[in-house]
Structures are given as structure tokens and as C-alpha cells.
Amino acid sequence: MMWLAELPPFVPFYVAALLAGVTRGRIRVLILLAAPLLGGLQLLGIEPGIEVHSRFLGYQLIPFRVDRLSLLFGYLFHIGAFLAIVFSLHVRDTLQHVAGLCYAGSALGAVFAGDLITLFVFWELLALSSVFLIWARRSERALVAGFRYLMMHILSGVLLLTGVLLHLQQGGSLQFTYIGLDGLSGWLIFIAFGIKCAFPLLHNWLTDAYPEATPTATVFLSAMTTKVAVYTLARGFPGTELLIYIGVVMTCFPIFYAVIENDLRRVLGYSMINQIGFMVCGIGIGTQLALNGAVAHAFNEVIFKGLLLMSMGAVLHVTGRINGTDLGGLYKTMPKTATLCIIGAASISAFPLFSGFVSKAMIMTAVLKEGHDWAWLLLLFASAGVFHHAGIKIPYFAFFAHDRGLKATEPPANMLLAMLLAALLCVMIGSYPRLLYDLLPFPVNYQAYDFTHVIAQLQLLFFAALAFVWLNLRGLYPPELSAVNLDSDWTYRRLLPLTVQRLIAIGQPLDATLRRWGTACGKALINTLSRHHAPQGLLARNWPTGSMVLWVALLLGAYLLAYLFEVSDQ
Amino acid sequence: MDKFNVRRVLYSLYVCCAILPIIDFLYHRHSLHPWESWPGFYAVYGFVGCVLLVLIAKLLRRLVKRPENYYGKGNGR
């Protein structure tokens, strides 16, 4: 069994993707389920400390390296992939199944990559396999959103490769350890990670493309890409102070958008950036408590955000609608989905006994301990805001609010099962945080369930709920509207095309003048040439042979004379 | 939801909101930040924060809201 321990975890997924491509029906279902289950079992037997080396083009590569940090993300991606696969079992679409398995495999490849070249390869595979999950919606909107998504991720890959090569040229090692922001190479790699991590202004690919994917594919997407980025930041840039500020901005600005957004899956997209902000902040603090909190929160977020996206995917699957303006009153026909959605909402809002509580608290405590008071205040504001837009708004507008009289039933059994499993994990981790704490990279001596903390969190959440009720009763709450909200994608969807058009408009008269001038010059040249060389021109005239002979005779005579004079001179 | 259930949910929320700040006076809070030890700090912060969030979001909507086919047909949201 020794070779099995050195089998990189992406292999079972890639093999399963190949097999899923050529099978169908029950056999494919078995293959789909076997990949995360067998892969997960194998991973449980792997101990930290394994490093597999290989040489390629004279470079020492480490395609498979296991430590506690990568192992945690390895477990997480197996759980995330398993939930997403169960959720999508009813789908009869080879493209989605194959792309989903390749995508999960690439994410695993990236977190177990011990060197930067291997990381780059899986970084690109992650981008390529994920875009098919968006295109699988097979609508024009999904197609163009997929292209925009791919553009951003290819840019991230190019920056990463440039950074790595520069790093190598400056005598750096290929091993993927702490990188830091010294020099250009560090910055390039930082921005490459930042694009995938949805840093402010680089974030729009997420809220643009995720809601355009199929109901099942979005669950896959939410689990991997951004979490791989969180992992790479935690390994390459822990304790980078800039990350604290980036993280705080990430927690605060998306919640305003989430309040006014109509597409409920896009609301969850904004809320995802907000949650990643907490992790980025924790990585920026960089203490053991903060890093533990950041990766624990990543772990929990995959499960509760997956659960929320699954419940909204189920609503979209059953009703064909996802906009707040079209939904409401579904609790009567979809009570199970509604209940499971509320469990996800409680978890993301960090209610005591639910998973978000036990991980977010570690980050908040670490921020305060390191004396970042302002960051703490803003994170607290964002925590209350999460409850507002993700905890209340999502279940409220989908399942309660105005009854639109939509015909609906509970979703297929596999969808319900996946949501149930995710909900159980949320409650289990929330109630027995040791389950998660024992997996974290550093030893944990943190007590989440402290009376002061529980009461404080309950006060924050209940009064946030009270604010929602008060605003609603006073009619101050912004109604759901069908509209587009401008975000940073405006720069490349509007500003860039407009600028190009404007430049063309300015260039056209200039271009016309230049052309006119060029034509006039050409004409003048042709006229001159034709005056001299055309059949009637001076230089093209026929000369009689006799006159030629005369001229030659004259020339020779002149030459003879000159010669004679020269001779007589001597 | 029928009116009765809505009222039940709202009243339980009001009761919780009435009790929670009172608890602050009944035990010794250990806090990392001086503001945390103010009774009712979290309650006030949660309420004011959320009201501000929504009011600012309404202003933001005025700034960023565009018609649904703003980015062209089939290309909008």
C-alpha cells in the first residue's frame, strides 16, 4: 500500500472524469460518487510530511507535498466535491459531470502542489475546467459571462507565471513557501492570487459569472476557486499587513450591493466576497490564532455557502426563477428546502451552535488582540450586515415575503440529501467545534463558547433582525427591482468599448485627412513621372540613330583634342 | 405567512431584544476592547449598523442602478 500513500489526490478525480465521459446511467453515478469517497478514504490514511520529488527540464519539482495546511484543504475539497456531486446526480449532462470532476481534481492538485510550476499548471487547469461549468448553462448570457470570467483567470495565470519566472531568475527557489511582497515578482504573484481571491476591483468575475452557471455547477464553483486562492495566500503571504486592509474592504463593500441585488444567487456571490474578506483579514494578521481562524472559516464557508447556493439552486431548478421580484411564499410548497436554507442562513450569520460562529470568532478575537481596533469595528459591522442580506434576505424573499402563487414542489431526492448532509455538517461543527479545531494547522487553545461572546453575538444578531423588521414596517427597506447594478465590470463591459469607439471616432477624420494627403502626393508623383516617361514625355521620345552617331563622334573628337593638349603640355 | 404566525415571530423577536441587553448588567463581561464592556454596545451597534447599511445601500442604488438591458440584449443581467 506504500505507493497508494504517494498517489496524489487529483489522480482519482481525473481518472473518474475520463471514465464518466464514456459511461452513462447508473455506472456513471457510481463513478461520480466513488471519486470523492475513495479519494477521501485514501486521504484519511495520508500523514503530513510526504513529499514526492521529480525532475522536469532540469527543475526540481514537488508535485505532491502534504502538510497540515494542505491536508485540511484536501479534506475540504473532498467534502465540497461530494456534496456538489450528490446535488447534481439527477443531471443528465456529460459536460457538467466531466468538468466538475476535472475542476475538483485541479483544486486538489493546486493545494498539494509543493512547487510554483506545478501550482501554475493546476491554476490554469482550474480556470479552464471551471469555465465549462458556466458554459454548461448553454445560454448566450452564460457564454459571454464565461468569456469574461476566462479572461480574468487567464490574466491571473499569466501574472502568476511571470512572477514565478522572475522569482526564479532572481535566484529564488521554486518551492512554494513564504513569498512576501519583496520585489516585483512577489507583487505579481500576489495580484495573481488576488484575482482568484476576488480582491476589491478584481472581484467582478465572481458576481458576474457564478450566477450564470447552472443551478448545480454554481455549487461546485463556490467550493473551490476562491478557497484555493485563500490557501495560496495563507501559504505565500501570511502576516502581510496590506491583507488586513484588503480584507476589511472585502467584508464591507459587497454587503451594500447584496442589499440592492435582485438575483438571489448574485446576492450570495457578493456575500461570498464578504466572507472571504474575513479570511483575508485573518491571513493578514498572521498570528497562529488568526491563521487557524482564516482556514477554519474557509472550511465552514464551503459548507454553508454551498448549502445556501444549493437551496437557491433547488428553487431555480423547480421554479425556473431566481430573482427576488419573481419569488416568495415558497415555504408552503418547499418546506424542507426552506428549513435547510434557514440552517445555512443561521450558519453564515454565525449564530451560536452553527458553524460560522466557531470560526469567525477566532478571526475577530485575533484582530482585537493585535490591536487593530478600526478593522475590528468594521468587521463587526460586516458581521451584522451578513445576517441582514444573507441570513434574512435570502430566505425571506425566496420562501416568505409576498406569495407569488408559484407552482412548486420539493426538489429531487438527491438535491434534498446533499442539502441535508451540508446542514448536518453545519450543526455538527457548530456544536462540537473540536471536530474542526483538531484539523487546523496550529494547535488550538481557543474556546468559542464563552458566555460573554455568546451573549454579545446574540445581541448583535437580534438587533440586526430588529433593524430589518423596523425598516420593513416603516417602508424604508429598498424593494426588489429588476435592474442592473453597475460594478467594476462596467470598466471592461462599458468604459473600454466606449473608449475604443471614441478613439475610432477621433481617429476617423485624421485618418481621412492623411489618406487624402497621401492620395494627392501619389497623384502628383504619377503626373511628374508620366510627364517625363509617358509615350509623349521628353525622356521617352525616340531618338534617330544618326544623331546618336554624331554625338558619339563629337565626344570622341573632344576626347582626342583633350588628349593631344595633355601630351603637348609635357 | 398568515398574520398570526407573523405576529408570533415578531413578538418573540421583541421579547428577545428586550431581554438580551438586560443580561449585560447581570454578569461580569470580560472584554478585550473597552467599548465591549459598555452595556448594550453590541445591541446598539448591530441596530445602528444595519439601519445605516440599508440607508447607504439605497443611496448607492440611486448611483448604480441601470435598466435591465443596459449591457445590451442577452448580455444584461
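Predicted model: local features only at pLDDT ≥ 70, side-chain atom pairs only at ≥ 80, totals over all residues.
Figure 1. Setting aside residues up to four places away in sequence, A:Trp135 touches A:Ala142, A:Leu143 and A:Gly146. A:Val228 is 93 residues apart from A:Trp135 along the chain, and the C-alpha atoms of the two are separated by 22 Å.

Figure 2. A:Leu95 is found in helix H5, residues 94-111 of chain A. With 16 other C-beta atoms within 10 Å, A:Leu95 is partly exposed. Residues up to four places away in sequence not being counted, A:Leu95 touches A:Phe132 and A:Ala136. A separation of 7.8 Å is found between the C-alpha atoms of A:Leu95 and A:Leu133, which are 38 residues apart along the chain.

**Figure 3. The two domains of chain A and the contact between them.** Chain A is divided into domain 1, residues 8-237, and domain 2, residues 244-497. Taken over C-alpha atoms, the centres of domain 1 and domain 2 of chain A are 23 Å apart. In the contact between them, 37 residues of domain 1 of chain A meet 42 residues of domain 2 of chain A. On the side of domain 1 of chain A that touches domain 2 of chain A, at least two residues are supplied by each of helix H4 (68-87), helix H9 (204-209) and helix H10 (217-236) of chain A. H4(A) gives the most to this side of domain 1, with 11 residues.

**Figure 4. The largest nonpolar core and its members in helix H13 of chain A.** The largest nonpolar core holds 202 residues, and A:Leu307, A:Leu308 and A:Leu379 touch the most other members. Helix H13 of chain A (residues 288-319) provides the largest share of this core, namely 20 residues. At least three residues of the core come from each of domain 1 (8-237) and domain 2 (244-497) of chain A. Apart from residues up to four places away in sequence, A:Leu307 touches A:Leu340, A:Ile343, A:Gly344, A:Met419, A:Ala422, A:Ala423 and A:Cys426.

**Figure 5. Packing of helices H13 and H17 of chain A.** Two packed helices are described by the angle between their axes and the distance between the axes. For H13(A) and helix H17 of chain A (residues 413-431), the angle is about 150° and the axes are 9 Å apart. Angles over 145 degrees count as roughly antiparallel, and H13(A) and H17(A) are therefore roughly antiparallel to each other. The crossing in which H13(A) passes H17(A) is left-handed. On H13(A), the contact is made by A:Asn300, A:Ile303, A:Phe304, A:Gly306, A:Leu307, A:Met310, A:Ser311 and A:Ala314. On H17(A), the contact is made by A:Met415, A:Ala418, A:Met419, A:Ala422, A:Ala423, A:Leu425, A:Cys426 and A:Ile429.

**Figure 6. Packing of helices H11 and H12 of chain A.** Helix H11 (residues 241-260) and helix H12 (residues 264-285) of chain A cross at roughly 160°, and their axes come within 7 Å. This angle makes H11(A) roughly antiparallel to H12(A). The crossing of H11(A) and H12(A) is left-handed.

**Figure 7. Two leucines of chain A with positive phi.** Most residues other than glycine have a negative phi. A:Leu57 has a positive phi, near 50°. This residue is found in the loop between strand S1 (51-56) and strand S2 (59-65) of chain A. A:Leu57 is exposed, with 6 other C-beta atoms within 10 Å. The phi of A:Leu353 is likewise positive, near 80°. A:Leu353 lies in the loop that runs between helix H14 (335-348) and helix H15 (355-369) of chain A. With 14 other C-beta atoms within 10 Å, A:Leu353 is partly exposed.

**Figure 8. The contact between chain B and chain A.** On the two sides of this contact are 40 residues of chain B and 44 residues of chain A. Helix H1 (3-23), helix H2 (41-64) and strand S1 (65-66) of chain B each supply at least two residues of the side that touches chain A. H2(B) provides the largest share of this side of chain B, 16 residues.

Methods
Residues numbered from 1 in each chain as written. Chains lettered and ligands numbered in written order. Core = buried A, V, L, I, M, F, W, Y, C linked by C-beta atoms within 7 Å. Buried ≥ 20, exposed ≤ 12 C-beta atoms within 10 Å, placed from the backbone. Helix = DSSP H or I, 4+ residues; strand = E, 2+ residues; numbered from the N terminus. Domains from an automatic or database assignment. Contact = placed C-beta atoms within 7 Å. Axes fitted to C-alpha atoms, helices over the stretch in contact; angles between N-to-C directions. Parallel < 35°, antiparallel > 145°, perpendicular 65-115°, else oblique. Left-handed = near helix turned anticlockwise from the far one by under 90°.
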